[in-house]
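Please read these notes with the model open beside you. Each point takes up one part of the chain and can be checked by eye.

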Amino acid sequence: MIYLDNAATTQMDAKVIDYMHELMHNHYGNPSSIHAYGRQAKVLVENARTKISSLLNVFPAEIFFTSGGTEGINTIINGVLCKPEITKVITSPIEHSAMLNSIKHYSKLYDVELCMLAIDDKGNINLKELATELENHDGKSLVSLMHANNEIGTLLSIKKVGEICKKSNALFLSDTVQTIGKFKNDFSAGYPDFAIGSAHKFHGPKGIGFIYINGNTKVDPIFIGTQERNMRAGTENIFSIAAMAKAMEIAYENMNLVTKKYAELKSYLLEKIKSEIGDIAYNGDIDGLPNLINIAIPKTSSNEMLLMKFDIAGVMVSGGSACSSGALKDSHVIEALGKADKYRAIRIAFSKYTTTEEIDKFIDVLKKSI
Ligand code: PLP
């Protein structure tokens with residue numbers, strides 16, 4: 001089987017699995033207990049916090065553990081929009097559905113104005129439009145824009161958006177789920193105010209993540225209780241927290257090599273497409289996320305079952321479309337780009353384990369299926 005769907009999730013690194021096993025065998029204390037086993041568990045959690053914060057160049061007290069990206073998003077969106085001084089939320093139509101669902105839900109609940117920015121044909125927002133939306137609003141706003149789009153790879157400049165937000169005294173959340181572990185994000189400049197991480201995107205376990213909350217900002221929690229300094233109640237998932245920090249450490253250690261490998265794989269794939277298939281259109285920005293390409297295949301009746309054909313051939317890719325209530329729906333991202341009527345999308349996302357032979361196999365199946 002060939003797995004080219006690493007934007008959806010990644011295979012756990014064997015070193016992370018071994019580390020997690022070792023912890024599970026030897027640690028079962030509750031970090032809230034004051035005895036020796038409790039204290040050992042607490043050390044695991046706090047060491048992980050220190051590791052993650054130092055990689056992001058922020059303070060340990062600014063990192064809070066969650067069950068993953070979706071919980072992190074819900075926590076920030078609810079925790080910010082519930083404040084009466086926040087009267088507008090600005091976002092884009094191509095954010096992850098966890099973000100869009102959360103923003104739609106909480107802006108309605110707290111009666112906060114919702115503004116969707118326009119995007120261009122590659123999925124970029126217009127920075128001038130953002131600045132104007134902020135300047136024309138009397139109250140305080142939350143801006144939520146993702147660092148890298150998970151379907152089309154388009155990147156946002158956190159620095160440029162952060163500076164615009166600072167000028168208008170707006171809060172800035174960036175969904176960094178697709179870039180944590182891929183780029184050396186450094187949040188010490190004071191933006192964004194909030195960021196999100198999810199371990200299963202960088203060869204760590206599923207169901208664990210973190211939020212970064214700038215120390216000058218306060219957010220109300222969803223789960224009420226004492227753990228995570230009152231921000232996230234519930235006994236900590238100590239094994240996954242420690243394993244996430246380990247996975248992030250490994251990602252940082254290998255980042256230069258892996259980034260080089262991504263560049264080689266990407267140019268290999270683009271060359272192969274050109275020589276064996278010919279001119280093809282791409283969704284989003286092919287110079288965006290280093291490990292991701294989204295191909296736009298003109299819709300015909302004969303390629304209706306495109307993804308199924310890949311699946312049968314043992315090649316796992318994504319169409320970006322979600323399966324809801326048994327029906328395949330076009331991706332909201334491809335729809336927002338205005339391409340869903342004419343094109344089928346195929347997203348290929350590499351990992352550090354991807355080989356050129358796997359790309360050859362993908363090309364073989366693509367040639368036969370379009
Ligand atoms: N945000 C982005 C950009 C993602 O790609 C994902 C995962 O698909 C999420 C948020 C949700 O993260 P999780 O799967 O940890 O809930």
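1. A residue is called buried when its relative accessible area is under 20%, exposed when over 50%, and partly exposed in between (1.4 Å probe, protein chains only). By this rule Asp 13 counts as buried, because its relative accessibility is 6%. Asp 13 sits in the loop between strand S1 (2–3) and H1; helices (H or I, at least four residues) and strands (E, at least two) are DSSP runs, numbered from the N terminus. Leaving aside neighbours within four places in sequence, Asp 13 is in contact with His 203, Ile 250, Lys 352 and Tyr 353, where contact means heavy atoms within 4.5 Å.

2. A word on the source: this is a predicted model, in which local features need pLDDT of at least 70 and side-chain atom pairs count only at pLDDT 80 or more, while totals for chains, interfaces and linings use all residues. Residues are numbered from 1 along each chain as its sequence is written, and side-chain values use heavy atoms, with hydrogens and water left out.

3. Val 16 belongs to helix H1 (residues 14–26). Val 16 counts as buried because its relative accessibility is 0%. Not counting residues up to four places away in sequence, Val 16 touches His 203, Gly 204, Pro 205, Ala 243, Lys 246, Ala 247 and Ile 250. The C-alpha atoms of Val 16 and Ser 240 are 9.6 Å apart, although 224 residues separate the two along the chain.

4. Oxygen atoms of the ligand lie 2.7 Å from a polar backbone atom of Gly 69, 2.6 Å from an N or O atom in the side chain of Thr 70, and 2.7 Å from a polar side-chain atom of Lys 201. Taken alone, the ligand exposes 400 Å², of which the protein buries 85% (Shrake-Rupley method, 1.4 Å probe).

5. H3 has 13 residues and reaches 18 Å from its first C-alpha to its last, close to the 18 Å expected at 1.5 Å a residue; the expected span is 1.5 Å times one less than the number of residues. Eleven of the 13 residues of H3 are buried, including Gly 69, Glu 71 and Leu 81.

6. Most residues other than glycine have a negative phi, and most peptide bonds are trans. Asn 169 has a positive phi near 55 degrees and is found in the loop between helix H6 (158–167) and S6. Asn 169 is exposed, because its relative accessible area is 51%. Asn 230 also has a positive phi, about 70 degrees, and is partly exposed at 46%. The peptide bond from Tyr 191 to Pro 192 is cis, with omega near 0 degrees; Pro 192 lies in the loop between strand S6 (171–174) and strand S7 (194–198).

Definitions and conventions
Polar contact = N/O pair within 3.5 Å; in protein donor to acceptor, adjacent residues only side chain to side chain.
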